[in-house]
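Thanks for taking a look at this one with me. My notes follow as numbered points, to be read beside the model.

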Amino acid sequence: MQSKLARWAGSVLGLVLILASIWLITAVFRSGHTWVALTFTVILAGSIWLLASPRLYPWRYLYPGVFAALVFVVFPALYTVSIGFTNYSSTNLLTFDRATQYFLDQTYSAGGDALDMAIYPAGNDARVFLTAADGHSWVSDAINLDKPTGKPVELKVAPATAAPAGEKIAIRGVIALQPALKELRISVPDHVSKYQISGFSKVSPSAPLFQQNADGSLKNLQTGDVLKPNIKTGFYETTAGEKVAPGFTVKVGLANFTQLFTSTQFRGPLLKIFVWTVSFAAGTVLLTFVVGFLLAVALSWESLKFRGIYRVALFLPYAVPGFISILIFRGLFNENFGEINYVLHSLFGIKPEWFSNPWLARAMLLIVNTWLGYPYIMLLVMGLIKSIPSDLYEASAIHGGGAWTNLSRITLPLIAKPIMPLLLASFAFNFNNFVLISLLTAGGPDFADSLTPAGSTDILVSYTYRIAFQDSGQNFGLAAAISTVIFVLVGALSLLNLKLTRVNAPDRK
């Protein structure tokens, strides 16, 4: 009985999901995204075929994982790489068709007197009531103003002798209807030009500013200028070559990558940032390993009293959320009011400029990151030390081996291989450790000779972020190109990690 109920429940759930998917595809198609709707249809049909076909029964268990990997891993990666080959930026956000439509939607005042406008409710809709200075008035049919369509809406008004029944909508309600009211192109009898909203209670005569010619160029009907689309720059340009915003997205090939490696504007900061990124990741791994290893060895000493207390105390940095620790350190390293400078000034009479001096800022990052990372290494090494047979240390003691011999001849060699892939993983993590850089130094102090937003403590990922979201141009295409380079570097590290993992695996017979 329960198995039948489960089968029926599964069938009903599947039918509901299929109907919901069809509704979603229909909504996407109606919104004008034909290719997206077609893609969803193919995915839906393929999913139904795979889940319903007895011959593909084993694949249905792999399908969720493969589908999730394609959607959340492969697609974002490919999309980012594809953006790196375009001029996508804050000035080139639109597609060519949308940029063209933007110009065609522009209007200018065609002269004539403005009309007073009032909005009256009509059930769930509303009526537009216009009044001229000479006393003539017009009213429209009921129209839905709750949901803007995103396109110009033609509206006709007819002569009226009185305002519609009811109280007109207050100015506060008219403000809420502004998105839909701005779409209206109102045709008034005996008036050549159409009217558009020009205030909260006014409409004015307007005319289209641009007209599209047969060759695709746009003619400015007010000035007579002609704008031609330039597929290389992604802008409509005047006959004098002046770019007119908004631009549109075009393919630029390897231009972003070429600019990245050849332009002195980007090459100089990029090389410095790349060297610091590698140094930062390698230095962090080295320092965290040294500190974590030494503490793990000390805590593994059986004769050490109160080991439990020391272990808990040394584990605390790992228990506190990282972003809180970073902000606390930011306050401690404050050049004027921080406790660290207070102590240093009391003892040695110095106040290091942690946030102004590039080398001190880098040193501060390594100190803080070592504090955040050593507990992880310490725990790993303690576990590995536990796996070393005690017979080895007893044999070393019989042959007169001391602490240094045990450390250098037994402990360190035996944990080196198993911990190496983890250290490489830590290197890859710190290669993209955006949170630490963003919260502690924000990439500063900035380079004085750089035209792009770049600083002495920026790593590649924070440099990418600043170009994409803090630069005045918000060059997403260039940022995607840098992300692609980072992706290749991290991918190479992952392959190296896998290779080392196989080296550590037991030999297959």
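1. Let's start with the strands. Strand β4 (residues 137-140) pairs with strand β5 (residues 153-159) in the antiparallel sense, over 3 bridges. Strands here are DSSP runs of E of at least two residues, helices are runs of H or I of at least four, and both are numbered from the N terminus; two strands pair if DSSP finds at least two bridges between them. Ser140 stands opposite Val157 in β5.

2. On conventions: this is a predicted model, in which local features need pLDDT of at least 70 and side-chain atom pairs count only at pLDDT 80 or more, while totals for chains, interfaces and linings use all residues. Residues are numbered from 1 along each chain as its sequence is written, and side-chain values use heavy atoms, with hydrogens and water left out.

3. β5 also runs parallel to strand β6 (residues 184-187), joined by 4 bridges. In this pairing, Leu155 stands opposite Ile186 in β6.

4. Now the helices. The largest nonpolar core has 35 residues, and Val381, Phe431 and Tyr463 have the most contacts inside it. Such a core is a set of buried Ala, Val, Leu, Ile, Met, Phe, Trp, Tyr and Cys residues joined through side-chain atoms within 4.5 Å, where buried means under 20% relative accessible area (exposed is over 50%, partly exposed in between; 1.4 Å probe, protein chains only). At least two residues each come from α8 (264-299), α12 (358-386), α14 (403-431), α16 (460-469) and α17 (476-504). α8 gives the most, with 9 residues.

5. A second, separate core of 22 residues includes Leu145, Val157, Leu184 and Val203. Val157 is also the residue opposite Ser140.

6. Where is Ser217? Ser217 lies in the loop between β9 (210-212) and β10 (218-220), and is buried, with a relative accessible area of 2%. Leaving out residues up to four places away in sequence, Ser217 touches Gln211, Gln212, Val226, Leu227, Lys228 and Pro229 (contact means heavy atoms within 4.5 Å).
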